[in-house]
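Please take a look at the structure below before reading on.

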Amino acid sequence: MDDAPGGETTPVVSAVDVTRTYTRGDTGMFGRGSAPSVQALDGVSMSIQPGEVVGIEGPSGSGKSTLLHLLAALDIPTSGTVSLAGTATDQYSGRERTKLRLEYVGIVFQRFHLLPSLTARSNVALPLVEAGWSKSARRDRATELLSDVGLDTRTTHRPGELSGGEQQRVAIARALATEPALVIADEPTGELDSQASTRVLELLRRITDEDRAVVLASHDPQAIEACDRVVRLHDGQVRERTAPQ
Ligand code: ADP
């Protein structure tokens, strides 16, 4: 990561006074809106450095997924600024944001989101198709990533032939394919038993050794415990922050 002027490290991602309001019922055939808008985030600020694993915790509806979407540049704030690798995400067109995301962000979902008809290796290689890699380079990279996550004997298995923990490791390998600076994980252990969760959390910890940052949202105490620090949300606001350990 480049150094910012003044010698400080540029955060992998930062949010400054971010608000996200979902407006409902204010377009289309129903004319003037009657449904109230929802303020999912209200004045959230945070800054995430390379090498950190940061947990986002909070009750259902507190704004965790909305925040992850903004940090991943899947969405832009209603007000305030999210900067990814030093770039404000709202400065770009949708297409440019997709490119920014491809370069900088890997996303791991709770339910893995693997394509059932493809082998583990083809699932991991998918982001590299979009990134324009050749077929043989994709195959080599996906094989290497699956070996890194301890699945070298499962490369030709399809998701249905893998355990939940193995599928989640395939999903993490896929998220790492383009060497993103930021890995965003939404409830990465939500579907896993404790032993599989431990492996997945160890893996997320290990990938920050390469100066990546991981942001994970979770209800799972084991996942939250594994973070360097935790930001607690309540009703779209930061309620509490733990200090780095
Ligand atoms: P969490 O991930 O903590 O459960 P969310 O970020 O999903 O919270 O939701 C925060 C609030 O925003 C909730 O009140 C939710 O109902 C609302 N919300 C989320 N997505 C939308 C949407 N697309 N349209 C309208 N309201 C939404």
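Predicted model: local features only at pLDDT ≥ 70, side-chain atom pairs only at ≥ 80, totals over all residues.

Residues are numbered from 1 along each chain as its sequence is written, and side-chain values use heavy atoms, with hydrogens and water left out.

Q: In what order do the strands of the four-stranded open sheet stand?
A: Strands (E, at least two residues) and helices (H or I, at least four) are DSSP runs numbered from the N terminus. Two strands pair if DSSP finds at least two bridges between them. Pairing in this sheet is antiparallel, and the order is E2-E1-E4-E5.

Q: Why is one side of E2 and of E5 left without a neighbour in that sheet?
A: Strand E2 covers residues 38–48 and strand E5 covers 87–88. Both stand at the edges, so one side of each is left without a neighbour because each has a single partner strand.

Q: What angle does the direction of helix H1 make with that of E2?
A: Helix H1 spans residues 64–71 and packs on the sheet, touching E1, E2 and E4. Touching is contact, meaning heavy atoms within 4.5 Å. Axes are lines fitted to C-alpha atoms, for helices over the stretch in contact, and angles run from 0 to 180 degrees between N-to-C directions. For H1 and E2 the angle is about 55°.

Q: How far is an oxygen atom of the ligand from an N or O atom in the side chain of Thr-66?
A: A polar contact is a pair of N or O atoms within 3.5 Å; within protein, one must be able to donate a hydrogen and the other to accept it, and residues adjacent in sequence count only if both atoms are side-chain atoms. A backbone N or O atom of Gly-61 lies 2.7 Å from a ligand oxygen atom, and for a backbone N or O atom of Ser-62 the distance is 3.1 Å. For the side chain of Thr-66 the value is 2.6 Å.

Q: Which strands are the edge strands of the six-stranded sheet?
A: This open sheet has mixed pairing and the order E6-E7-E8-E3-E9-E10. Pairing on one side only are strand E6 (105–108) and strand E10 (237–241).

Q: What is the bridge partner of Ile-56 in E9?
A: E3 and strand E9 (residues 229–234) run parallel, with four bridges between them. Val-54 stands opposite Arg-229 in E9. The partner of Ile-56 is Val-231.

Q: Which side chain has a polar contact of 2.4 Å with that of Glu-57?
A: Glu-57 lies in strand E3 (residues 53–57). Not counting residues up to four places away in sequence, Glu-57 touches residues including Lys-64, Ser-218 and Ile-224. The polar contact of 2.4 Å is with the side chain of Arg-232.
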